[in-house]
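Please look at the sequence and the model first.

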Amino acid sequence: MLGENTIFTTIAVNDIDIAEQFYGQTLGLLQVDEIPLGITYRSGTGRLFIYEASTAGTNEATYAAWEVDDLEDTIDSLKSKGVVFEQYDLPDMEREGDVHIVGSMKTAWFKDPDGNILAISSTVEEG
């Protein structure tokens, strides 16, 4: 039923202006709509909606993740814009710098200005 529909993510933020700068400028998402409740961005074929709420940053799990072609280049690009990456010690996961590797997946996590956890991921190349 829902598998035929595009999923979108909603993320609570404390200050819509600071979040707009982060998601629009730092991450480079394309703003496609703004309503009194928040801002919608397009990313690939998906959408991300940010809105102000007192619960911003209270989740301890990943809110959204992007699949990227070159994880290391994306990390370098985001770091050049001031993004700081998280370091986690997770079972069965190796870490090389900011990159966490488990099975065929490489992931790096970072937080938005409110502490919401975001990720970028790619598939480990066979070689």
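**Charged residues in a predicted model**

Asp33 is partly exposed, with a relative accessible area of 40%. Buried is under 20% relative accessible area, exposed is over 50% and partly exposed lies in between, using a 1.4 Å probe and protein chains only. This is a predicted model, in which local features need pLDDT of at least 70 and side-chain atom pairs count only at pLDDT 80 or more, while totals for chains, interfaces and linings use all residues. Residues are numbered from 1 along each chain as its sequence is written, and side-chain values use heavy atoms, with hydrogens and water left out.

**Negative patch**

- Asp33 belongs to strand β2, residues 30-35; strands are DSSP runs (E, at least two residues) and helices are runs of H or I (at least four), numbered from the N terminus.
- On the surface, Asp33 gathers with Asp15, Asp17, Glu34 and Glu52 in a patch of negative charge.
- Patch members have over 30% relative accessible area and no salt bridge; like charges are joined within 9 Å, and nonpolar side chains (Val, Leu, Ile, Met, Phe, Trp, Tyr) within 5 Å.

**Salt bridges**

- Side chains of opposite charge can pair when their charged atoms come close.
- The structure has four salt bridges, each defined as a side-chain nitrogen of Lys or Arg within 4 Å of a carboxyl oxygen of Asp or Glu.
- One of them joins the side chains of Glu72 and Lys106, at 3.1 Å from N to O.
- Glu72 is in helix α2 (residues 71-80) and Lys106 in strand β8 (residues 105-111), so this pair ties together parts 34 residues apart in sequence.
- Glu72 is partly exposed at 35% relative accessibility, whereas Lys106 is buried at 16%.
- Lys111 and Glu86 form another salt bridge, with their closest N and O atoms 3.8 Å apart.
- Because Lys111 lies in strand β8 and Glu86 in the loop between α2 and β6, the pair ties together parts that are 25 residues apart in sequence.
- Lys111 is partly exposed, at 35% relative accessibility.
- Arg95 and Asp89 also meet through their side chains in a salt bridge, at 3.3 Å from N to O.
- Arg95 is partly exposed, with a relative accessible area of 40%, and Asp89 is exposed, at 73%.

**A buried aspartate**

- Asp98 sits in the loop between β6 (94-96) and β7 (99-102).
- Asp98 is buried, with a relative accessible area of 15%.
- The side chains of Asp98 and Lys79 are joined by a polar contact of 2.6 Å.
- A polar contact is a pair of N or O atoms within 3.5 Å; within protein, one must be able to donate a hydrogen and the other to accept it, and residues adjacent in sequence count only if both atoms are side-chain atoms.

How values were computed
Areas by Shrake-Rupley, 256 points an atom, 1.4 Å probe, with all protein chains shown as cover. Lys, Arg positive; Asp, Glu negative; His and termini not counted. Charge placed at Lys NZ, Arg CZ, Asp CG, Glu CD.
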